[in-house]
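Here is my note on this model. Please read the points with the structure open.

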Amino acid sequence: MSYSRVTYSAPVEATGICYRVLIWEDGLLPEEALASLRTQRAELLAAMRDAGLKGSRGKLAALTAELKELNKRSIEAPLAALPAQPDFFARAHQAGAVWSREAGVQAFCIAPGHAVILLRPTGEEGIDSTLSRLTSATPDITWCSTPLIEAISDAEAAEIASDYRNSVDREEESDNEDTSAAPFHHITVLRNEAVSALQAAPGRILVDATLGGGGHSELMLERGAEVWGIDQDPTARKAARRRLAAYGDRLHVLAGNFRNAAQMLQEAGAPLADGLLADIGISSPQVDCAERGFSFNADGPLDMRMNPSAPQSAADLVNNATEEELADILHRYGEERAARAIARRIVQERSKAPLTTTKQLADLIGSVLPRKGKQHPATRSFQALRIAVNDELGALEDLLHSAMGMLKSGGRFAVITFHSLEDRAVKHFFEQITRPEIDRPEWPAPRPNPDCTARLITRKPIIPGEAELAANPRARSAKLRVVEKL
């Protein structure tokens, strides 16, 4: 059978009897075929009992093989041929959360309309009562009344669990993503506010242009929407796929920079969206992973690329740009008042040896700017270099000017920003496209604004509340602005 989503797989214990249980949602298979199957199964089971009582091992083995073939032909093959059942994955997500914590569950897999559980009953509980308890964890799904239950050896259980793990690994690595990076742990900012602004609901198509670890997309999917997620960071894409696997074909993941979102969605055959979200800036896993070179809190290579395959790193920029170019970058993107002094010092030091690590650069900047208060003197310069390396403001401008073309009439565009440069760009653009009229001193009267394509949903930006700030101090500078296409 071909499994489309593996949700959980634990090490297989070598104690007791293990069962492979195939269950499916009631109504997926024709009742006439099931009635015929029950009759054939009953006849085969009776023949197997007779062979067992007579000690006919050869006959018993042949009948067992015949029963397995009947199950595959009548149940497993039709289920494997089912098209995607998007809402089933969302409903089964609750069951998966319970099964993954349940004692005795060795592994399970959720596929379109059905699931397979490797189950080892614990204590005095039998297989039937254990299975009944597990399936009752999903009141939204009416499971079939006659599941396929097969006793298997520990070796078979380990092999099946391994197949499950390999299946999800193949899916996650299908676009040759790097799987060696650390886990992607990120606290999503303004999660409820952003998703509510996009009115996530069944039947709505939403684009998460900055997929990240999948926090916003998860809530969109939980509320029934279909999501197209975009991210240029392979580690983020892998984490999101793993986190959101249970939602099946309601999630589509695209690799690339959100500045090219319109082209990517068109090439992928995506329809116009009901909502578009962009959570601009850097994620916690990128900051906290020293190997990515975004932060001076731990020493690492001077990299800062959100897309690891991008041609220019921060080290390339720092060691090759002219003094004037460096000063301009630090002043423009970091609003650093000591930009010229820092640029001059960088050029002096790199003439002796290239600057290759975050600690080298942070210490150099610290020698130019003595520390005052809590903020590290290198904070603004690191921000500026990161923005320049990834052309973040250019990418944001490209996204802003293409956003309306990705939306249906009435579709909403929500943007979360984290520093004043981003927020000013978003605020100015939103004012430009929501102003019905424009006026100039030399005109006798205001004229219609040809760029007016949307209306403001948020007159003032939405900011995190006290509870969110207490849980995630990094959210303190976040601002959410929303418009709706006319």
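1. Two strands count as paired if DSSP finds at least two bridges between them. Helices (H or I, at least four residues) and strands (E, at least two) are DSSP runs, numbered from the N terminus. The model is predicted: local features need pLDDT of at least 70, side-chain atom pairs count only at pLDDT 80 or more, and totals for chains, interfaces and linings use all residues. Residues are numbered from 1 along each chain as its sequence is written, and side-chain values use heavy atoms, without hydrogens or water.

2. L206 has G275 of strand 9 as its bridge partner. Strand 6 (205-208) and strand 9 (273-279) run parallel, joined by three bridges.

3. The open sheet has seven strands, in the order 8-7-6-9-10-14-13, with mixed pairing. Strand 8 (251-255) and strand 13 (454-456) are the edges; each has a single partner strand, so one side of each lacks a neighbour in the sheet.

4. Helix 17 (420-434) lies across strand 10 (407-417), strand 13 and strand 14 (479-485). Helix 17 runs at about 20° to strand 14. Axes are lines fitted to C-alpha atoms, for helices over the stretch in contact (heavy atoms within 4.5 Å); angles run from 0 to 180 degrees between N-to-C directions.

5. The largest nonpolar core has 34 residues; Y333, I346, L361 and L385 have the most contacts inside it. Such a core is a set of buried (under 20% relative accessible area, 1.4 Å probe, protein chains only) Ala, Val, Leu, Ile, Met, Phe, Trp, Tyr and Cys residues joined through side-chain atoms within 4.5 Å. Helix 15 (379-390) is among the helices that supply at least two residues each. Its share, six residues, is the largest.

Conventions
Buried means under 20% relative accessible area, exposed over 50%, partly exposed in between (1.4 Å probe, protein chains only).
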